[in-house]
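This report is meant for a reader who is meeting the structure for the first time. Please keep the sequence and the model in view while reading.

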Amino acid sequence: MWGRQREAFSMYKRLSSRDHSTVMDVEENSALLQNSMDVESTNPSWRLSFPHVLVATISSFLFGYHLGVVNEPLESISLDLGFSGNTLAEGLVVSTCLGGALIGSLFSGWIADGVGRRRAFQLCALPMIIGASTSATTKNLAGMLIGRFLVGTGMGLGPPVAALYVTEVSPASVRGTFGSFIQIATCLGLMGALFIGIPVKDIAGWWRICFWVSTIPAGLLAFAMMFCAESPHWLYKQGRSAEAEAEFERLLGGSHVKYAMLELSKFDRGDDAETVKLSELLYGCHFRVVFIGSTLFALQQLSGINAVFYFSSSVFKSAGVPSDLANVFIGVANLSGSIIAMLLMDKLGRKVLLLWSFFGMTISMVLQVTAANTYVSGSGSLYLSVGGMLMFVLTFALGAGPVPGLLLPEIFPSRIRAKAMAVCMSVHWVINFFVGLLFLRLLEQLGPQLLYSMFASVCMMAVVFVKRNVVETKGKSLQEIEIALLPQE
């Protein structure tokens with residue numbers, strides 16, 4: 001492996017005009033690589049980067065919270081604001097944030113590259129604070145929709161920046177584990193929103209408190225980011241190598257700084273400062289990785305997961321389970337799967353988890369199809385339906401949920417990473433919107449058997465796609481992954 005790295009280093013080496021201490025001749029670099037073997041045999045401590053990752057995942061908590069914050073209070077909101085019984089208005093309150101999220105995700109890459117990862121987090125928190133405050137104080141539907149749209153822009157900006165940041169500040173040995181925190185924080189946000197919404201039917205105006213509460217973690221994110229490390233990868237791309245070294249020391253420890261900087265210098269080809277054009281992402285040498293990323297997000301959404309999240313209550317209700325208890329069951333299954341994924345991510349690897357996750361989701365949908373079969377008895381059908389739904393959520397959280405957001409920043413080259421994530425997250429939001437919009441209509445027109453069969457087929461297609469196209473990134477540095485996916489001539 002080290003021979004391969006030296007060969008790759010010789011290929012990519014360039015005497016940079018940037019002012020940094022790692023510029024030296026090839027012989028010195030080769031010696032440094034040899035000396036680094038002892039350093040790299042002991043991985044950097046996870047404790048140094050852990051606080052920075054923890055702060056970043058507040059954005060994911062907010063993402064989950066705002067996805068679920070209107071579920072329980074929607075009836076009270078519609079009564080207080082005067083649009084009760086207007087299903088179109090109620091749908092807009094739920095989905096307007098998705099439109100804002102699409103806008104936020106489209107610009108996330110340019111913002112993250114333009115102002116840095118830390119300031120991007122602060123810009124993500126700002127519309128969430130303003131939007132939540134607007135929703136909490138509004139007296140009419142228009143104010144609610146404006147607030148939800150503003151919150152949505154922050155929701156769209158946060159997840160891709162969080163994925164970028166966690167990938168770039170985490171040691172390779174725990175990058176998968178830390179990446180799983182994003183999914184866990186999202187689950188906790190969803191469960192937190194459900195928990196906060198419990199008193200809404202008993203206390204007049206409680207829904208306003210639900211929105212006010214979200215401003216606390218948003219303010220904490222904006223404040224705490226002032227004390228967090230900036231991404232060394234971003235600093236290096238800006239030509240601020242001395243600052244990149246200082247941040248590596250904060251994140252990895254002093255003994256690993258020179259090796260980390262040497263890894264970055266391999267890819268200093270002088271083009272990082274150039275503007276990345278959209279055309280570069282849609283065809284040419286970068287098309288393959290962007291295609292893989294976009295397809296993974298498309299398959300994730302077309303698997304039917306959001307249909308399950310949005311409409312699970314009706315399935316549990318038909319089985320005699322109250323909606324609030326059903327939400328708890330779904331939340332526990334989601335959180336349990338995310339925790340198991342965190343424990344296995346850096347042991348089994350990303351590809352294995354993706355394969356088994358999509359395969360488990362296929363089996364779960366087959367159970368749903370069986371439950372919808374008229375030949376299955378009433379009680380048997382209910383047990384299969386509820387069991388299949390819980391299994392679907394659990395297996396989704398094991399891989400299909402957390403892995404794409406972690407894997408994509410790993411496989412994207414440094415130069416295009418932020419903007420490629422923006423493109424892929426935009427695909428995620430567009431398909432999410434249409435699944436939510438069309439699911440009930442398709443269920444009515446096609447029936448549960450055919451619709452769930454379509455979801456099962458998508459999950460099986462995902463298994464084949466992952467098997468053929470996804471590379472394993474467990475334990476590899478970002479530079480090693482770039483060499484594997486984009487060999488230079």
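## Overall make-up and confidence

The model described here is predicted, and it contains 23 helices and zero strands. Of the 489 residues of the protein, 55% count as buried. When contacts between residues at least 6 apart in sequence are considered, 83% of them join residues that are at least 24 apart.

The mean pLDDT of the protein is 81, with 82% of its residues reaching 70 or more. Over residues 1-40, however, the pLDDT is below 50, although this stretch has 66 contacts in the model beyond near neighbours in sequence.

## Two crossing helices

Helix α5, which covers residues 74-81, and helix α10, which covers residues 206-224, have axes that come within 9 Å and cross at roughly 115 degrees. An angle from 65 to 115 degrees counts as roughly perpendicular, and α5 and α10 are therefore described as roughly perpendicular to each other. Where they meet, S76, I77, D80 and L81 are the residues contributed by α5, while W207, R208 and F211 are those contributed by α10.

S170 is found in the loop that lies between α8 (141-169) and α9 (175-196).

A polar atom of the S170 side chain lies 2.5 Å from the backbone oxygen of V166. Leaving aside residues up to four places away in sequence, S170 touches S49, V53, R175 and F178. F178 also belongs to a cluster in which ring pairs link it with W46, F50 and F181.

## R47 in helix α3

R47 lies in helix α3, which spans residues 46-56. With a relative accessibility of 58%, R47 counts as exposed. R47 and L252 are 205 residues apart along the chain, yet their C-alpha atoms are separated by 8.9 Å.

## Aromatic pairs

How many aromatic pairs does a search of the whole structure find? The search finds 13 aromatic pairs. One of them joins W356 and F359, whose ring centres are 5.9 Å apart and whose planes stand at 90 degrees, so the pair is edge-to-face. Because W356 and F359 are three residues apart in helix α18 (residues 350-371), about one helical turn separates them. W356 is exposed, with a relative accessible area of 60%, whereas F359 is partly exposed, with a relative accessible area of 34%.

Another aromatic pair is formed by Y452 and F455, and this one is tilted, with 6.4 Å from centre to centre and 45 degrees between the planes. Y452 and F455 are separated by about one helical turn, because they are three residues apart in helix α22 (residues 448-469). Y452 is buried, with a relative accessible area of 11%, and F455 is buried as well, with a relative accessible area of 10%.

How values were computed
Residues numbered from 1 in each chain as written. Predicted model: local features only at pLDDT ≥ 70, side-chain atom pairs only at ≥ 80, totals over all residues. Heavy atoms only, no water. Helix = DSSP H or I, 4+ residues; strand = E, 2+ residues; numbered from the N terminus. Polar contact = N/O pair within 3.5 Å; in protein donor to acceptor, adjacent residues only side chain to side chain. Contact = heavy atoms within 4.5 Å. Phe/Tyr/Trp six-rings, centres within 6.5 Å; stacked < 30°, edge-to-face > 60°. Buried < 20%, exposed > 50% of the residue type's maximum accessible area, 1.4 Å probe, protein only. pLDDT = per-residue confidence, 0-100. Axes fitted to C-alpha atoms, helices over the stretch in contact; angles between N-to-C directions. Parallel < 35°, antiparallel > 145°, perpendicular 65-115°, else oblique.
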